[in-house]
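Trainee: Mind if we go through this one together, question by question? I'd like to see how each answer is reached.

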Amino acid sequence: MRDPKIPLIPERDHNKSPVLECVGLGIDFGGLTAVDDFNITISPTEICGLIGPNGAGKTTIFNLLTKVYNPTRGSIFLEGKNTKRYNTKDVNKEGIARTFQNIRLFKNLTVLENVLVGLHNEMDYRLFGSIFRLPSYWRSERIARERALELLSIFNMQDIAEHKAGSLPYGSQRRLEIVRALATNPSILLLDEPAAGMNPAETESLMEHIGQIRDTFQIAIFLIEHDMQLVMGVCEGVAVLNYGKLIAKGTPSEIQRDPRVIEAYLGTGGQADA
Amino acid sequence: MKEFRISMPMRYIINSLLLVAFIVAGHLITQSGLLGRAHNANIVSVGIFIILAVSLNLSTGYLGQLPLGHAGFMAIGAYAGAIFWRSGLLPSTASVPAGLLVAGLAAAVVGVIIGIPALRLKGDYLAIITLGFGEIIRVIINNLDSVTGGAGGLHGIPRHSNFLIVYLCVIICCIAIHMLMKSRHGRAILSIRENEIAAESCGINTTYYKVMAFAFSAFFAGIAGALFAGNIGLLVPGEFDFMTSINILMIVVLGGMGSMAGSVIAASILTSLPLFMAALNEYRMIIYALMLIIVMLFKPSGLLGTYDFSLSRLLEKLIRRRIAAKSKVKEGEA
Amino acid sequence: MLLVSQLINGLQLGSIYALVALGYTMVYGIIKLLNFAHGEIIMVGGYIALFSLTLGNFHPVVAALLTVAGCTLLAVILEKLTYAPLRFAPRLSLLITAIGISILLQNVAQFFFDAAPRSFPASELFPVGTVMLGNVSVAYTSLVTIVLSIVSMISLTILVQRTKLGKAMRAVSEDTEAAQLMGVNVNNVITFTFAVGAALAGIGALLFVARFPQVTPTMGAMLGLKAFVAAVLGGIGSIPGAMVGGYAVGLIEVLAVYVGLSRWTDGLVFLVLIIVLLVRPTGIMGRKLMEKV
Amino acid sequence: MKKRTLKVFSLVLVLVMALGLLASCANDDNSDVNEITIGILAPLTGGAAYFGESVRNGLMLYIDEFNARGGLQINPILRDEEGNMTIAVTMYNYLVDQNVTAIIGSVTSDPTRAIVPLAFEDNMPMITASATHAGVTVHPDTGQVFTNMFRSCFIDPFQGTKMADFAFEELGARTAAVLYSNEIAYSIGLMEAFIHRAETLGLEIVHIERHADHAVDFVGQLTNIAAHNPDVLFVPGYNYHVALIGPQSVTAGLTDTVLLGADGWAGSLERMEHDPSSIEGSFFMTGFTHESTEQHVLDFISRFEAEYGIPPNMFAAQAYDAAMILIAAIERTLAATDYEPDSEAFRLALIDQMSATDIQGVTGRITFDEFNNPQKTAFIIHIVDGVERFWGTF
């Protein structure tokens, strides 16, 4: 039985808004500007999409937000706090969780263990406690296991908890990555092309899940996606990036009508990306 | 039907009883002289190499780094332990465990000092920097002759590494690493091997865990070094050169990176070969090197892969089979 | 005077390190492999030179060409047999394979040629004697070594900067996948890189045995290690870096002896490496590498 | 059923007793002993294999010759210790398990020093042909003599002292420099003794330099030494060092200085076969010379060459003597006592017989001092025209 004193979904203070704010964010790679003057504000339970042609710098923005890269210019505020001094793990502890475009699961660990790594900072026993198997170890491990299984049940994956993560089909791997990210108890979830490689039926169910996750966990979701159907169906706000610059922001319907977006996607004699 | 499982406390009791039985039986057998002295001596060396391999496996197999200076940590432990024992600070009964602890801590401290800068660097750089540190340690031991005896060696070390002491250390080492790995800390270490960026994105303090695994690994290498000193009674710096590090690495790779059982088996076989197959001596290094290459080409995870032996799992399987057979018989009767 | 002759000695040593370091740096730049077996290529080169001069009685030029060709061939065979199948394997596997090859070559050499060092007829390869530069006497071998290594490095730079193959090499080292998409035959380029590195190692082997007339199965180990230190010191992946690093290591060693630190020389080289890596992880002339996520 | 068991049992008992009686009868008189098992430890693989093979060749030549005479047969059990202390200890214990009467070994100092304390406890008679470290026969701290341990080679301090004497007295040197390896115990031992002796003689040490064991570049050290222009340069290294130091000393401008060495130099010319000119005029000390006038030495050289196709080096000659010393002592012990050859009492008697050794070997007449080190003549070799010339005894 799960310890009722520890809630699955922690209370969140939604008075603090916005959850994420970027001001004049930019990065150069050896003289080449990859992202420039990127501004965005995401409110606590917003689902926001980030679209743009290939090579526009979308994943770079995620890498900046999670401090995989350090920005050359600008600031990132997470729940009002400047993340200037944070590194990747601090950013995660402060509330940003992410998935990766090219799935980065712990392939040789089981599905359950992958989620347990996500729950790492939710457990409290020390090195001493693990080697001598103190009661704190047993209690903490038991709670974490239950919680992991519960999180897996979102995507109905609890029965494959003992399978190796690397042996899962592609779609399940993407879903497991989302579960792992959720396990770190974020206030904003970054999804990097969550529907890539999924068939239309899977994408359909993923859309439902994204909404459901937001509703259950009361978190913001920021997602990069090429599948316009998904973006338009699930996002409340959409930002469009081209050549490292934000060219449009607005609701899905506004974006669809924006001439700059159409220009960016179709270009001059170019091919639509999505 | 629910699958049969042995409960946790039961597993711990079974395993503890077996370990106690192993130690007692081993102690009695080696004391009785039943096996002969050569085998007794070999068993002790095997034990020391098991500790070395299992501890290196922590940083190679589990953490996924390639330190090439394991012999350096072994050397620090060996000299620290030997100097402690020769000083006669403590009465003999307390001296042995205290010396082992001193040896392990000395190596672990150096492990942290080396680890903090070295682990900032990735992959090949780590390999080369640890190799460099290993060489530096050897040069220092050679030059600090007033403390270490220099090339002339440190002699007259009490030779108390018998089966009991060595295998108690083997068991402590294996259990400690096993317990570590089956915990959130262990999963954090594995996640770094699997995908460092993802691990960091999950809030894992990768630097902390790298240094921790490294220090753990150094700690047990240091203990193995002290046991080595207490086995031979003589230490010379040349014993802890690059080839010693490579030999330990070879055990780990052939046994299976990430498999404790593999390390134990490979250490036992490879260490015993000079005694049992002296005819192979001339070709042994060639065979090892070829095996290393072939294993990497065809089974990069090593002979046992990441497989780990679990007695409880084996017992469960046997009991399950028993239950299944019984229920079949019952069905037949019905 | 003492210092000047010591410095010339350091330059000669450094030239050899630089030539060997180039092999490390090129291979590392292109497939991110620390080619542990590179030192052993030099050892094999030493034996080829020895046997072609003593058993084969070849003309020194023929012997030198045979050495360079032999090293190149060996490197290409090793690359095709072991590294190529592991192109997409984890880096750790590649590194361990390289260590395996290194041990294998050492022990095969020991098996066939004996562990005992063999005398090398250095005087047959290069003329013995000294020239006076000002009032410092310099051995012919020192001059030949320094000049030959500079010539080799200039030709290499031209090869990499100016030729089509060189451009392909740079492209592969920049981004293997992109180069492949652009129609570069990545496999051939990698093999070619190994071949060039090994050819330089062959020249390094000749200069080494001319200076230190002794061939042993383990002669490549320490030389290779120090050359690797030189490559890292200069900034791995950078050709001028390898030269700078090579000279730096050579001079550090000689100057350490000059100031009376002879017992610490080996330790000192590694200490400098560690300090450089900590202060400037990309080496003196290296570029910052960004991992793709 | 029961009766039959009893019958069988008593029959077996009688048989065993009878066999026991027979066995004890046979051992009443040791003149009947016709085979003695001895152990040999040597590195036959690894870096020290060169020394190990030389020693093995010398030992086996003597043992084969001895066995060919008929009578007592020596049964050698040879084990490879790979130059590794751990393996040496295991192999020593293996030989003990085989109930060997005595052990010849090991070859290099470190593995030998690892074994000696064990062998001392076991009262195992041992002799080494080439382990020169002072600590092989005497505990370096307590000064206790390992009474069971003998050797047929010089010890390190002896050679250092002798060479200082030689430089001062015979060469008239007044200034000296030393280039030694601080990573080799042998080199350190010689260097310390040389310097110590030089101080008492008034031979001024003008410069000391060090090198790593596997160093190849000595020009830096040699250039520093050349700046002091010493009369002699003592190089207590091995032949592979000499082969590199020689030519580099010319490069460094050390042309007027005489190079001196010790038995590590044996084989230097072999290592420099293509150009030995740089060590022309050097002197070194050794335990064996080919230029003997004594017939039994010349016979040994020709027999060795006939057997192995190469001339014997110093290690082979000292090994030949080591085997001779041990087997002669075994013969004397057999004659003097009636203990069983694998008994402790026999071993103790054998140790006594070995201390009483006075034998004419191929490396000279050998007796042992109170530290079980050989008292024998040292040969000085002078390198003239690229060959080793016997300069004289010293």
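Trainee: Where does Ser106(D) lie?

Mentor: Helices are DSSP runs of H or I with at least four residues, strands are E runs of at least two, and both are numbered from the N terminus. On that count, Ser106(D) lies in chain D's loop between β3 (102-104) and α4 (109-122).

Trainee: And before we go on, what should I know about the model and its numbering?

Mentor: It's a predicted model, where local features need pLDDT of at least 70 and side-chain atom pairs count only at pLDDT 80 or more, while totals for chains, interfaces and linings use all residues. Residues are numbered from 1 along each chain as its sequence is written, with chains lettered from A and ligands numbered from 1 in the order in which they are written.

Trainee: Is the peptide bond from Gly105(D) to Ser106(D) cis or trans?

Mentor: Look at omega, which is near -15° for this bond.

Mentor: Glu82(D) sits in the loop between β2 (73-80) and α3 (85-97) of chain D, and has a positive phi of about 60° although it is not a glycine. A residue is buried if 20 or more other C-beta atoms lie within 10 Å of its own, exposed if 12 or fewer, and partly exposed in between, with C-beta atoms placed from the backbone. Glu82(D) has 25 other C-beta atoms within 10 Å, so this residue is buried.

Trainee: How does Tyr243(A) count, then?

Mentor: Tyr243(A) is not a glycine either, yet has a positive phi of about 50°. Its place is the loop between β9 (237-242) and β10 (245-250) of chain A. With 15 C-beta neighbours inside 10 Å, Tyr243(A) counts as partly exposed.

Trainee: How many residues does chain C bring to its contact with chain B?

Mentor: Two residues are in contact if their C-beta atoms, placed from the backbone, lie within 7 Å. Chain B has 29 residues in this contact, and the number for chain C is 33.

Trainee: Which element gives the most to that side of chain C?

Mentor: α4 (91-113), α10 (219-234) and α12 (265-279) of chain C each supply at least two residues there. The one that gives the most, with 14 residues, is α4(C).

Trainee: How many nonpolar residues does the side of chain C that touches chain B have?

Mentor: Ala, Val, Leu, Ile, Met, Phe, Trp, Tyr, Cys and Pro count as nonpolar, Asp, Glu, Lys and Arg as charged, and the others, Gly among them, as polar. Setting aside six polar and three charged residues, the nonpolar ones come to 24.
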